[in-house]
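Please open the model in your viewer, with the sequence panel beside it, and follow the stops below in order.

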Amino acid sequence: MTAPTTTTTPDTHRSNPFFKESPLPFFAPPFDRIEDSDYQPALEAGMAQQMAEIGAIADNPAAPTFANTMVAMERSGRLLDRVSQVFFAVAQANTNPVLQKVETEEAPKLAAHHDAIFLNAKLFARIKTLYDARATLDIDPEGKVLIEHVYGDFVRAGALLSEADKTTLRALNQEESRLTTELKNKLLAATAAGAVIVDDVHQLEGLSDGDVAAAAQAAKARHLDGKWLLPLQNTTQQPPQKSLANHDVRKRLFQAAVHRADGGGKNDVRPIVLRLATLRADKAKLLGFPSFAAYRLGDQMAKTPEAAEALLTRLVPAATAKARAEMAKMQALIDRGPHPFPLAAWDWQYYAEKVRKAEYDLDDSQVRPYFELDRVLRDGVFFAAHELYGLTFEERSDLPVYAPGVRVFEVFDADKTPLALFYADYFARDNKAGGAWMSTFVSPSGLLGQKAVVFNVCNFAKPAPGKPALLTFTEVTTMFHEFGHALHGMLSEARYPSLAGTHVPRDFVEFPSQFNEHWASEPHVLAHYARHYETGAAMPDALMAKILESQTFNQGFATTEYLAAALIDLAWHTLPANAEVTDVNAFEKAALSRFHIDLPQVPPRYHTTYFAHIWEGGYQAAYYAYLWSEVLDDDAYQWFEEHGGLRRENGERFRKMILSRGHTGDLGAMYRAFRGRDPSIEALLSDRGLK
């Protein structure tokens, strides 16, 4: 394949900030100099530059060595990495029509660029030579892991296919890239368009004054003066349903979430979903696998879709039984009221809160004043990182950001040496994708002399001007979760970029993040950050005890909705290449019935049509990974409890043996070295209250 044509000119080359390394600390992106028009020429120039570098490696007349092949490949693509990491971050978190157009045009080119590297026969021949001789090469263990990793990636990308099959694979990859970009844009538009407009403030009874003010502000931002707007999050259930007393508004909000992308209009993604499922099954068959899930899981910890399915289905009976018991309590509460009715899915959150208040004398209105966002960040998230790993944080107001409200912190190690930069982007915007995530602007690498520049993105409701950002405990846990990913990136000590930080299998990458969630409810940490936003008074011991006691509350629901989504993912991605599916909703319903998890009152956390994780978010056939990783994280936290809990020496052990390692060794062996044995599911069952 010929290299992509670059559209840059000498003048563009001089003015485009991506064409040189950033002069800012840690090579942080110079957002004050980056224009939307810079991305496309830099992406194309980056592809052209890397193709020249790869061509030089493949055509090198010298015999392949670790240095002239593997290390040279790791050093290639610096410009492309620099622009693509920034572009895709901004396109996800702060997009606009220009960026969407660039992504639509460049996604197929980037897919072709990837194939041009991984289907390069001469390059693969050099890699295979090193792979075959790896046992005799004079390189360190990390170098051997790199060879095995890269060889496996090339084989899985089709390097062993015939030229005719490579041509077919290229076409499948380009179409998939185009469709995932199209789905992403449609889903963003559908989520924004699905926001519920409320005409009468009395219909918002139950929401706090701050939430009502935020709804008014959201409406005003869309020029809907005199109205209130409830924006959608990417999940099925919506946070306001916990508090909304109005049954009809709860139902409207729920149905808006469920049907945001399947209504037959311009944002209906069902045809795209069907085509993506077919494309992936065809790709798997071409590569010699019975299904896309079998292809995808071959290099994961689970290894096979059967292993992933077995873990999920093992929990279905206990989860659904607990959910039915929870449902019975809510139905009994409704039946004692003046107008009994059958509990529906849109009622669950509201009546679960009532049961929680009755059983624990606890509701969100009591809790949220003690969880002001900035205090949670500084005295909770950062405090735990300091106690465990010795890290300290200083806010930087001198570094440019990509959107108003984004904050930057410099991270220092225990010896006060600069370690990383951390960007925090916590509030929802209409042009921000739903959910929460972590990624990097600059990836850590000893080889390249780069330290991590990482960011966390969430979608918390933005408070009205002058009002504090008060969080639910679920949102607090989300902050700890995403910062666990950030720690995984910041604390990396891997030499090679391909093995560094979060470049690990999907069913391991959630281990550090979910492990970090535990510190949100660790009593010493919780007491440090849970203070009233007005008075600074510590959360009363009795209230704190209720929060801790209620951790397994509603876990039947939470586990069931997760399992349903994960099993839907596997159902789509275990389809064989000859499967004929024409009705998305019917297929999903049949899958839920087959897995005995079709509770109408507990819908999947994501229905197929807005399941961004598996269609454009990188979790295709891998949404099970959260549960697989949870087995690890609960078991690891149990080790901490057995060894004194929140202690620096414990944190240092976890940092040295897990967080700093990236993918520089066998992950199962890495965990066994830390824990002293294989992980046990018992801690997970206990943590979720399922035994």
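Begin by selecting helix 22 (584-594), which gives the most to the lining of the second largest pocket, with four residues; helices (H or I, at least four residues) and strands (E, at least two) are DSSP runs, numbered from the N terminus. Before going further, please note that this is a predicted model, in which local features need pLDDT of at least 70 and side-chain atom pairs count only at pLDDT 80 or more, while totals for chains, interfaces and linings use all residues. Residues are numbered from 1 along each chain as its sequence is written, and side-chain values use heavy atoms, with hydrogens and water left out.

**The second largest pocket**

About 450 Å³ of space lies in this second largest pocket, the volume being the space filled by probe spheres set on grid points that are joined across faces, edges and corners. Of the 20 residues that line the second largest pocket, select Glu588, Lys589, Leu592, Pro604 and His607, which are the closest to its centre. A pocket here is, on a 1 Å grid over the protein atoms alone, an open set of points where a 1.4 Å probe fits, with protein on both sides within 12 Å along at least five of seven lines, and lining residues have an atom within 4 Å of a point. Coloured by class, the lining has eleven nonpolar, five polar and four charged residues, where Ala, Val, Leu, Ile, Met, Phe, Trp, Tyr, Cys and Pro count as nonpolar, Asp, Glu, Lys and Arg as charged, and the others, Gly among them, as polar.

**Helix 11 and what covers it**

Next select residues 270-286, which form helix 11, and check its length: the 17 residues should span 24 Å at 1.5 Å a residue, and the end C-alpha atoms are 25 Å apart, which agrees. The expected span is 1.5 Å times one less than the number of residues. Among the buried residues of helix 11 are Ile272, Leu276, Leu279, Arg280 and Lys283, buried meaning under 20% relative accessible area, exposed over 50%, and partly exposed in between (1.4 Å probe, protein chains only). What covers the buried residues of helix 11 includes helix 8 (163-193), helix 12 (292-297), helix 21 (555-573), helix 22 and helix 23 (612-615).

**The loop between helix 23 and helix 24**

From Arg280, move to glutamine 620, which touches Arg280, Phe292, Arg296, Asp569, His573, His613 and Ile614, not counting residues up to four places away in sequence; contact means heavy atoms within 4.5 Å. Glutamine 620 lies in the loop between helix 23 and helix 24 (625-642), and counts as buried because its relative accessible area is 15%. A polar atom of its side chain lies 3.4 Å from the backbone nitrogen of glycine 618, a polar contact being a pair of N or O atoms within 3.5 Å, where within protein one must be able to donate a hydrogen and the other to accept it, and residues adjacent in sequence count only if both atoms are side-chain atoms.

Alanine 621 lies in this loop between helix 23 and helix 24 as well, and has a relative accessible area of 0%, so it is buried. Its phi is near 65 degrees, a positive value in a residue other than glycine. Most residues other than glycine have a negative phi.

**Histidine 223**

Is histidine 223 buried or exposed? Histidine 223 counts as exposed, at 72% relative accessibility, and it lies in the loop between helix 9 (209-221) and strand 2 (228-230). Its phi is positive too, at about 65 degrees, although it is not a glycine.

**Asparagine 16**

Finally, select asparagine 16, in the loop between helix 1 (10-15) and helix 2 (36-58), which counts as buried at 3% relative accessibility. A polar atom of its side chain lies 3.0 Å from the backbone nitrogen of phenylalanine 18, and the side chain of asparagine 16 also reaches the backbone oxygen of aspartate 38 at 2.9 Å. Leaving out residues up to four places away in sequence, asparagine 16 touches Asp38, Pro41 and Ala42.
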